[in-house]
Amino acid sequence: MRTLLVNAKMSPQLAARVEASVRGKRVAAKAANRRRYVSVARLSVLLAIVGVSALVLTVRHRQRIRFAQERAELLTQLQQAFAGLSAEQRGLSQRIPAALAAHARVEYDGDLIADDLRSEAGLDAALAVSSIYLRAPLVELSKAANLMALAGESSKDALLHCLQSPPAARSEKTLRASVRQSYLGEVPSHSERLFPLLLVAPLWSPEWERSVRAASSELELDVLAKRFRRAPVKAAVRAAQAEHLLLVLDEAGDRSAPAELDGERPHAVRLILSRLNDNSVRLRLRRNVDPTWLSAPARAEYARALDSCALALDVRKAVLDEQASQRPGRAATSTRGG
Amino acid sequence: MQSPLDLLHQAPRRTIDHEGTRLALTLAFAGGTSGGLFADALDKAWIAPSTFRAEEFANELFLQRFVAQCMKVRIGQSDAVLQTRYMARLLASPPSDLHTLQFRRLILAELVSQPLYRKSIEQIYQSLCRLRSLLENAGALRVFDANRRRLDILQTFRSIIDRMVSDFAGARSGLARFHEFAANFQAGEAYTALVDLLKYDARSALVNLRMAVGADGSINAFEIVSVQEDSTNPFVNSVWRRWLSKFELFVRGYRFSDGEVLARFIDSVFGGLENELVDLVQLMGALEFYLGALGFRDSAVAAGLEVCLPEFVQPSEARELRRLFNPLLLMSGVVPIPCDIVGGALASTVLVTGPNSGGKTRLLQSLGWTQVLAQCGLFIPAASGRIALASGLVASLIEEAKADQAEGRLGMELMRIRGLFERLPPGAMVLLDELCSGTNPSEGEQIFELVVSMLNRLEPQAFITTHFLAFASRLAQTSKIPGLSFIQVELDVNRRPTYQFTRGVAQTSLAGHTAERLGVTGEQLLGLIEQNIRKQQSLALAPVN
């Protein structure tokens with residue numbers, strides 16, 4: 001490569017001498033060799049710097065591309081996960097607290113069975129519709145306390161299982177079998193817990209999507225992605241698409257009465273089935289539960305579950321009794337237990 | 001490669017080792033040496049073939065001292081430091097080639113007739129001294145700006161070239177080679193590159209400034225009005241190209257600086273004038289030769305004496321030297337008394353007789369130096385001269401006793417005679433002082449007559465001094481030996497030497513006069529003896545403390 005010191009204004013002879021001088025052809029071989037070694041060393045350093053810089057730029061570029069891809073992928077997943085939700089369904093999590101507050105008043109408004117529920121078939125049909133299930137202490141829910149915590153503690157318990165798959169008899173043995181099934185989740189349920197809805201609802205808000213689009217670092221995006229991946233999206237989507245709210249409220253009961261190991265003591269339980277779209281009540285019953293009828297061994301382990309399963313049978317019985325009376329639209333004024 | 005700049009020989013030639021000197025100059029230019037570059041080159045310089053042999057006469061004529069003290073180059077108020085070894089070699093080998101001899105005489109003649117030429121070569125010589133100092137880093141001072149030093153070298157070189165062209169355009173002698181050499185170089189691209197580089201260094205850019213000065217003299221505003229670069233200069237590049245050049249040099253192992261770019265340019269320009277610079281090294285020796293001769297002339301003139309370029313005659317013609325003086329006496333601070341010598345033709349032997357301290361030996365020295373200087377093409381120590389060329393010079397003027405000599409005085413004298421005949425070529429000049437003086441006169445005379453008669457066969461120009469006065473008188477009367485002539489020291493009315501010479505044989509050596517002059521009479525010696533005795537007696541009687 002010709003040296004840059006030579007230009008077109010130089011005579012050919014001068015240009016040749018400048019070239020020779022730059023190439024070290026005019027000095028002793030020892031000096032020229034030393035300069036050659038220095039040149040090689042410097043060139044190596046420069047190439048190393050350029051190489052490392054290029055590598056860093058390439059890596060960063062790829063990181064940026066990967067980042068963009070991951071963000072796009074997350075947004076796509078978001079959109080796909082919540083594509084089936086209407087705006088009303090997306091807003092359910094906002095309306096739920098008010099609906100729960102309406103049902104969780106301390107005063108009980110009396111039993112109510114809708115006309116179309118006054119048969120076992122009607123009850124089964126109503127229970128077969130997707131619903132959000134919540135069981136919580138009446139006192140806690142009425143205080144509008146931490147709904148998320150209450151929803152987190154509420155599970156698809158034996159009451160729900162026995163409601164949707166009623167045991168054949170009210171015997172302890174039969175109830176225990178149903179309870180065991182409920183623990184194992186062997187019977188599919190049409191109800192979803194409220195907790196997934198409350199947990200996942202922020203993820204389908206516009207703000208969350210904006211936060212994904214605005215994520216500026218891989219760490220930030222990773223946090224958002226992990227939250228999405230860990231969220232019970234499907235359960236939340238099903239909950240958002242639910243038509244009914246199945247609310248079970250445990251009243252305080254007699255605190256002087258002894259409690260079982262799982263905390264179960266004789267108390268009243270309210271069961272409310274309402275429509276989510278207009279909050280109309282389709283079923284409202286209040287019944288007492290008392291674990292004292294259970295055998296000691298069963299009481300020690302499954303007092304609450306067996307009581308819940310028994311309660312489910314009581315609810316069915318109440319509906320059947322109503323059916324037998326064939327008095328449509330009339331509220332059941334008698335309450336059991338209490 | 002152009003014809004070399006040679007001022008010493010009719011046919012120009014490179015007398016120094018061209019490649020070796022060029023390499024040494026390149027290294028010196030790059031980094032400076034500790035000295036000796038010029039001296040080393042000239043010490044090994046080729047000397048024109050000569051029939052003279054330095055060992056035959058150099059010591060006898062004190063050649064080294066003559067060069068050091070008679071051929072001084074004084075420019076302005078100071079004496080130059082000369083390459084005396086080279087000058088001594090030149091004087092010890094007068095060229096056989098008559099064209100070269102004449103070539104040198106014509107240059108000297110023109111330098112004398114054209115004082116401006118002398119002034120010019122003195123200035124060229126001064127520039128060469130500065131060039132040598134810069135190249136050899138005389139003083140071994142640490143150079144803080146290597147580029148500045150190299151540019152100074154190039155500037156000095158250019159000034160030499162320019163002076164050669166401008167000052168010697170009308171020269172007729174060998175001095176015209178200055179103009180020819182420099183003009184050829186100026187016509188080449190190397191000179192153009194040199195001028196461009198020096199212009200680039202002196203005036204890389206012209207910056208027009210405007211300053212506002214307040215009442216207190218402080219600068220209140222400063223503005224650059226314009227910047228003009230000489231874009232036609234091949235060494236001027238654009239800003240971005242300059243930066244890229246620096247970067248390129250850095251990658252190639254050089255320093256990242258404007259100085260390194262300039263260094264490459266300087267090196268490339270130097271590469272175009274290396275050969276010419278080698279010629280300047282050779283030129284330095286030649287200039288010292290001529291300036292030394294002019295310095296000798298100046299010394300003689302200052303002492304009221306005259307020098308000249310002699311006329312060369314045929315061997316058959318008579319020689320003549322008017323107002324001949326001894327240059328060795330001149331360098332000793334003594335103003336010599338000139339004399340006239342009119343000798344016979346070549347192939348003649350002259351016997352010189354006279355009292356001791358009459359100037360006989362000094363005459364032989366003068367004749368020897370006359371022959372050497374004449375045949376070197378330089379001024380002779382005489383107002384005018386007609387001399388014949390000699391094939392060599394054999395001088396035997398000093399006979400010092402050696403601690404390990406195997407023979408006595410006669411034996412040594414005979415060995416001296418033997419040595420003379422062993423090395424004496426035909427047609428040479430022979431200078432013998434007090435031949436056969438160390439033995440019985442009657443036997444010595446026989447040997448003397450033998451030597452003189454044998455010498456005649458070699459047709460020499462021989463000058464022999466002797467104290468064998470009776471023998472010389474007999475030879476003069478009998479004319480036994482052809483070509484033998486006689487001169488004697490002239491005495492004044494008080495029988496004291498006048499340091500002139502006349503024909504004939506001296507009647508006395510005036511030993512008594514010499515003895516009286518030096519305090520060696522009977523009466524004077526007796527006085528010295530009595531004085532010593534009295535002194536001894538007074539020492540013996542003195543009390544011992």
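A:Val18 is found in helix H1 (residues 12-22) of chain A, where helices (H or I, at least four residues) and strands (E, at least two) are DSSP runs numbered from the N terminus. The model is predicted: local features need pLDDT of at least 70, side-chain atom pairs count only at pLDDT 80 or more, and totals for chains, interfaces and linings use all residues. Residues are numbered from 1 along each chain as its sequence is written, chains are lettered from A and ligands numbered from 1 in the order in which they are written, and side-chain values use heavy atoms, with hydrogens and water left out.

A:Val18 counts as buried because its relative accessibility is 0%; buried denotes under 20% relative accessible area, exposed over 50%, and partly exposed in between (1.4 Å probe, protein chains only). Leaving aside neighbours within four places in sequence, A:Val18 is in contact (heavy atoms within 4.5 Å) with A:Thr3, A:Leu5, A:Val6 and A:Met10, and also with B:Phe265 and B:Ser268. The C-alpha atoms of A:Val18 and A:Leu4 are separated by 9.9 Å, the two residues being 14 residues apart along the chain.

A:Thr3, one of the residues touched by A:Val18, lies in the segment before H1 of chain A. With a relative accessibility of 3%, A:Thr3 is likewise buried. Residues up to four places away in sequence not being counted, A:Thr3 touches A:Val18, A:Glu19, A:Val22 and B:Glu248. The side chains of A:Thr3 and B:Glu248 make a polar contact at 2.9 Å. A polar contact is a pair of N or O atoms within 3.5 Å; within protein, one must be able to donate a hydrogen and the other to accept it, and residues adjacent in sequence count only if both atoms are side-chain atoms.

The contact between the chains takes 24 residues from chain A and 33 residues from chain B. About 2,500 Å² is buried between the two chains, 54% of it on carbon and sulfur atoms; buried area is the accessible area (1.4 Å probe) that two parts lose on being put together, summed over both. B:Glu189, B:Arg252 and B:Tyr254 supply 23% of the area that chain B buries against chain A, more than any other three residues. B:Glu189 also forms a salt bridge with A:Arg17, the closest N and O atoms being 2.6 Å apart. The rule, a side-chain nitrogen of Lys or Arg within 4 Å of a carboxyl oxygen of Asp or Glu, finds 1 salt bridge across this interface. There are 19 residue pairs in polar contact across the interface, both residues at pLDDT 80 or more. On the side of chain B that touches chain A, the elements giving two or more residues are helix H9 (189-202), helix H10 (239-251) and helix H11 (258-271).

Chain A comprises 14 helices and 6 strands, and 43% of its 338 residues count as buried. Among contacts in chain A between residues at least 6 apart in sequence, 72% join residues at least 24 apart. The structure holds 1 disulfide over all chains, a disulfide being a pair of cysteine sulfur atoms within 2.5 Å. This disulfide joins A:Cys162 to A:Cys309, with an S to S distance of 1.8 Å. A:Cys162 lies in helix H8 (residues 158-164) and A:Cys309 in helix H14 (residues 296-325) of chain A, so the pair ties together parts that are 147 residues apart in sequence. The link is left-handed, with -85° about the S-S bond, and both A:Cys162 and A:Cys309 are buried.
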